Amino acid sequence: QRHEFKAHIGLFHPEEVRYIAIALLEVLSEIQNQIPSIVHGNIKPENIFFQPNSSQGSQIVLTDFALTPVSQWGSNLNSPRLSSLGFVPLEQVAGNPTPASDNYAVGAVLLSLLSGTASHQLYTLTSEENAYQYPVQEILLQQNFPMSSYFINWLGMMLAPDAGNRI
């Protein structure tokens, strides 16, 4: 039985978020290393589920894979995936996604969980000057959980507006 992730939206502890980040990045590593490289294109809390697993506790399941090769993405510009405000970086909106586009979405999911912001409201956290930039440090310093500066900087790089600056 799967448990929908969005039902659990609220403030997540950084250690829970770390587990989620690792699980999501492992899945993305698998699909992004395909030839041609595949971009998921629709990562958001509604597409993440907890799958109970008796031997490992619970497992993260990522759903709604478009499985579109990067070379064919331009033909999908009218996709409903572009309606996920806050989780879609500029290069993806322009029809030029890269594996870094999914990294941006994972970063947005993590920020949503750490800030307790519902996915349909995440875009409200972006900077006034740039709708694709999050003031990560400001947002996370408002939380009651201690977080390392390394993690805050890492998340800031995941959410860099320019794909070339993203990890």
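This is a predicted model: local features need pLDDT of at least 70, side-chain atom pairs count only at pLDDT 80 or more; totals for chains, interfaces and linings use all residues.
Let me begin with helix H1, which has 19 residues and reaches 26 Å from its first C-alpha to its last, close to the 27 Å expected at 1.5 Å a residue.

The chain has 5 helices and 5 strands, and if we read from the N terminus on, the elements run β-α-β-β-β-β-α-α-α-α. There are 167 residues in the chain, and buried residues make up 47% of them. The chain exposes about 8600 Å², of which carbon and sulfur atoms supply 51%. As for how the chain meets itself, if we take the contacts between residues at least 6 apart in sequence, 64% of them join residues at least 24 apart.

Now back to H1, which covers residues 14–32. Which residues of H1 are buried? They are Pro14, Val17, Ile20, Ala21, Ala23, Leu24, Leu28, Ile31 and Gln32. In this helix we also find Arg18 and Glu15, which sit 3 residues apart, about one turn of the helix. In general, an α-helix has 3.6 residues a turn, so residues three or four places apart point the same way. The side chains of Arg18 and Glu15 meet in a salt bridge, with 3.2 Å from N to O. Is Arg18 buried, exposed or partly exposed? Its relative accessibility is 47%, so Arg18 counts as partly exposed, and Glu15, also at 47%, counts as partly exposed too.

Gln92 and Asp102 are 10 residues apart in sequence, and their C-alpha atoms are 9.2 Å apart in space.

At 1.5 Å a residue, the 17 residues of H3 should span 24 Å, and the C-alpha atoms at its ends are 25 Å apart, which agrees. H3 is mostly covered, with 16 of its 17 residues buried. Just after H3 comes Gly116, which takes a positive phi of about 75 degrees.

Let me turn to the aromatic rings. A pair of aromatic rings is described by the distance of the centres and the angle of the planes. A search of the whole structure finds 2 aromatic pairs. In the pair of Tyr104 and Tyr134, the ring centres are 6.4 Å apart and the planes stand at 45 degrees, so the pair is tilted. Tyr104 and Tyr134 are both buried. For Phe151 and Trp154, the ring centres are 5.8 Å apart and the planes are at 35 degrees, so this pair is tilted as well. Phe151 and Trp154 are 3 residues apart in helix H5, and are therefore separated by about one helical turn. Phe151 counts as buried because its relative accessibility is 17%, and Trp154, at 17%, counts as buried also.

I would like to finish in the loop between H3 and H4, where Ser127 lies. With 14% relative accessibility, Ser127 counts as buried. Which backbone nitrogen does the side chain of Ser127 reach at 3.3 Å? The backbone nitrogen is that of Glu129, and the backbone nitrogen of Asn130 lies 3.0 Å from a polar atom of the Ser127 side chain. Leaving aside neighbours within four places in sequence, Ser127 is in contact with Gln133 and Pro135.

Definitions and conventions
Residues are numbered from 1 along each chain as its sequence is written. Side-chain values use heavy atoms; hydrogens and water are left out. A salt bridge is a side-chain nitrogen of Lys or Arg within 4 Å of a carboxyl oxygen of Asp or Glu. Helices (H or I, at least four residues) and strands (E, at least two) are DSSP runs, numbered from the N terminus. Buried means under 20% relative accessible area, exposed over 50%, partly exposed in between (1.4 Å probe, protein chains only). Rings of Phe, Tyr and Trp (its six-membered ring) pair if their centres lie within 6.5 Å; planes under 30 degrees apart count as stacked, over 60 as edge-to-face and the rest as tilted. The expected span of a helix is 1.5 Å times one less than its number of residues. A polar contact is a pair of N or O atoms within 3.5 Å; within protein, one must be able to donate a hydrogen and the other to accept it, and residues adjacent in sequence count only if both atoms are side-chain atoms. Contact means heavy atoms within 4.5 Å. Accessible areas come from the Shrake-Rupley method with a 1.4 Å probe; for residues, only the protein chains shown count as cover.
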